[in-house]
Amino acid sequence: MMKKRYVQVGTGGRARFFYEAIVSTYKETSEMAAFCDVSQTRMDYANKIISERHGADRVPTYHYTEFDRMLDEIRPDAVIVTSVDRTHHDYIIRAMEKGYNVISEKPMTIDEDKAQAIIDTQKKTKKELRVTFNYRYAPHNTKIRELIRDGVIGDVFSVHFEWLLNTQHGADYFRRWHRNKYNSGGLLVHKSTHHFDLVNFWIDSKPKTVFAFGELNFYGMKNAEKRGETNFYYRCHGSDAAKGDPFAIDLESNEDLRELYLKAETDSGYIRDRSVFADDISIEDTMGVTVKYKNGAILTYSLNAYMPWEGFQVVFNGSKGRIEMKAVEKSYINAGGDKADEGALTGKSLMVYPMFGKPYEVEVAEGAGGHGGGDPVLLNDIFGNPEPDPFHRAASHIDGAMSILTGVAANKSIASGLPVEIDSLVKF
């Protein structure tokens with residue numbers, strides 16, 4: 001069997017999820033062919049990882065300005081996009097226009113104009129774009145889809161979904177490029193794309209109308225000053241003021257953080273360990289969203305990024321009863337630990353409350369790996385030999401668009417104070 005050859009643009013923390021899988025677990029079916037990044041230091045480290053840790057051959061590297069030349073010279077089977085969110089659309093579109101299928105990390109892109117450009121390019125080129133929504137593949141999330149699909153609680157009328165980011169993982173978004181809405185679209189796009197996709201997947205519908213509020217209440221200099229903080233600093237590395245701060249991270253003491261970010265500062269210009277209490281943060285940390293779906297269901301959603309525990313609670317109210325799920329996840333800093341810890345569960349419960357019956361717990365087999373056990377299943381679905389999937393968890397560019405558009409509409413609603421119609425944003 002011929003191996004599929006992949007090139008990857010963006011070699012930061014999340015990139016390893018893909019390229020390490022290709023050169024290890026899926027080396028019989030897949031092959032890494034080239035890296036592309038703004039930083040040669042990062043690409044050299046990626047090559048070091050695949051060669052020294054996995055025994056794979058080092059691959060050619062291309063500066064991000066050489067993306068088209070890479071495609072022309074390597075001629076891969078597909079392009080993996082794991083760059084900064086605001087650049088996803090550019091690489092997706094350029095790859096499709098050159099005739100290549102694309103695998104994109106979430107979010108597919110960050111606003112409606114970029115989403116429309118991707119949709120129009122896909123229509124023109126007929127190339128495939130896959131968005132890697134690993135949470136769909138987590139056994140407990142798939143089980144919710146199965147219960148609703150099988151009519152266990154009848155028609156779903158309302159969903160209440162609360163996601164908690166703790167002061168380790170949640171704070172990390174406020175140190176990184178994600179803190180700027182220009183880069184990430186804010187947490188309602190970058191992070192909530194997972195959650196809005198899950199709702200679309202669970203209830204098998206699409207969002208229609210969105211209304212939202214959002215504030216920066218905890219992070220940022222103004223909020224720290226309100227709480228009486230006086231010990232401010234620009235970044236953690238080299239700062240005496242950062243010592244002892246529970247919101248500081250030490251790039252020097254962690255190999256991956258040191259090699260990917262600290263050593264790469266000279267050729268990337270990117271500082272990974274900014275203070276979460278700076279005065280230039282443009283995203284919210286407290287968000288509430290109401291969504292009406294095309295099937296009539298109503299979602300109430302909240303996201304808070306400074307909580308004492310990490311995970312989510314979701315309930316579904318239907319014509320025949322109610323489903324309740326609680327999932328507690330491990331704390332995690334991107335690229336700062338074992339990637340299998342990202343979204344890995346430490347506890348969960350899934351309860352069904354029939355309208356006229358005895359409540360019961362639904363047992364779900366634990367899935368190993370990150371994102372509630374979804375990561376290994378997703379990777380096999382992309383790079384391995386997957387079995388037919390009755391739940392159709394593979395996400396297309398349409399799924400990618402529908403998940404971000406809830407967040408895009410929420411951002412517009414926060415800014416305007418008005419509800420936003422999804423159909424006014426893009427045309428499919």
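# Close-up views of a predicted model

View 1. Glu20 and Arg16 both sit in helix H1, four residues apart, about one turn of the helix. An α-helix has 3.6 residues a turn, so residues three or four places apart point the same way. The model shown here and in every view below is predicted. Glu20 forms a salt bridge with Arg16, and the closest N and O atoms are 3.1 Å apart. Glu20 has a relative accessible area of 6%, so Glu20 counts as buried. Arg16 is also buried, because its relative accessibility is 11% and the cut-off for buried is under 20%.

View 2. Side chains of opposite charge can pair when their charged atoms come close. Arg42 and Asp37 meet through their side chains in a salt bridge, at 3.2 Å from N to O. Arg42 is buried, with a relative accessible area of 8%. Asp37 is buried as well, at 5%. Elsewhere, salt bridges with shared partners join Arg16, Glu20, Arg53, Glu255 and Asp256 into one network.

View 3. Glu105 is buried, with a relative accessible area of 7%. Arg14 is buried too, at 15%.

**View 4. Helix H12 and its cover.** Helix H12 spans residues 255–262 and is mostly covered. Six of its eight residues are buried. These are Asp256, Leu257, Glu259, Leu260, Tyr261 and Leu262. What covers the buried residues of H12 includes H1, helix H2 (40–53) and helix H13 (265–268). Asp256 also belongs to the salt-bridge network with Arg16, Glu20, Arg53 and Glu255.

**View 5. The largest nonpolar core, around Trp202.** In soluble globular proteins, nonpolar side chains tend to be buried together. The largest nonpolar core here has 92 residues. Phe161, Trp202, Tyr219 and Phe316 touch the most other members. Helix H15 (residues 397–416) gives the largest share of this core, seven residues. A second, separate core has 34 residues, including Ile50, Ile103, Leu262 and Ile382. Which residues does Trp202 touch, leaving aside those up to four places away in sequence? Its contacts are Asn141, Ile144, Arg145, Ile148, Phe161, Phe312, Val314 and Phe316.

**View 6. An edge-to-face pair, Tyr19 and Phe35.** A pair of aromatic rings is described by the distance of the centres and the angle of the planes. The structure holds 23 aromatic pairs. For Tyr19 and Phe35, the ring centres are 5.1 Å apart and the planes meet at 65°, so the pair is edge-to-face. Tyr19 is in helix H1 (residues 15–23) and Phe35 is in strand E2 (residues 30–37). The two are 16 residues apart, and the pair links distant parts of the chain. Tyr19 and Phe35 are both buried.

View 7. The rings of Trp163 and Phe312 are stacked, because their centres are 4.8 Å apart and their planes are at 15°. Trp163 belongs to strand E7 (residues 156–166) and Phe312 to strand E11 (residues 310–318), so the pair ties together parts that are 149 residues apart in sequence. Both Trp163 and Phe312 are buried. Ring pairs also join these two to Tyr135, Phe161, Phe196, Trp202, Tyr301 and Phe316 in a cluster.

**View 8. Charges over rings.** The charged end of Arg227 sits over the ring of Phe218, at 4.2 Å from its centre. Lys326 lies over the face of Trp309, 4.8 Å from the ring centre.

**View 9. Cysteines without a disulfide.** How many disulfides does a search of the whole structure find? The search finds zero. Cys36 is buried, with a relative accessibility of 0%. Cys236 is buried, with a relative accessible area of 6%.

Conventions:
Residues numbered from 1 in each chain as written. Predicted model: local features only at pLDDT ≥ 70, side-chain atom pairs only at ≥ 80, totals over all residues. Heavy atoms only, no water. Core = buried A, V, L, I, M, F, W, Y, C linked by side-chain atoms within 4.5 Å. Buried < 20%, exposed > 50% of the residue type's maximum accessible area, 1.4 Å probe, protein only. Contact = heavy atoms within 4.5 Å. Phe/Tyr/Trp six-rings, centres within 6.5 Å; stacked < 30°, edge-to-face > 60°. Lys NZ or Arg CZ within 6 Å of the ring centre and 35° of its normal. Salt bridge = Lys/Arg side-chain N within 4 Å of Asp/Glu carboxyl O. Disulfide = S-S within 2.5 Å.
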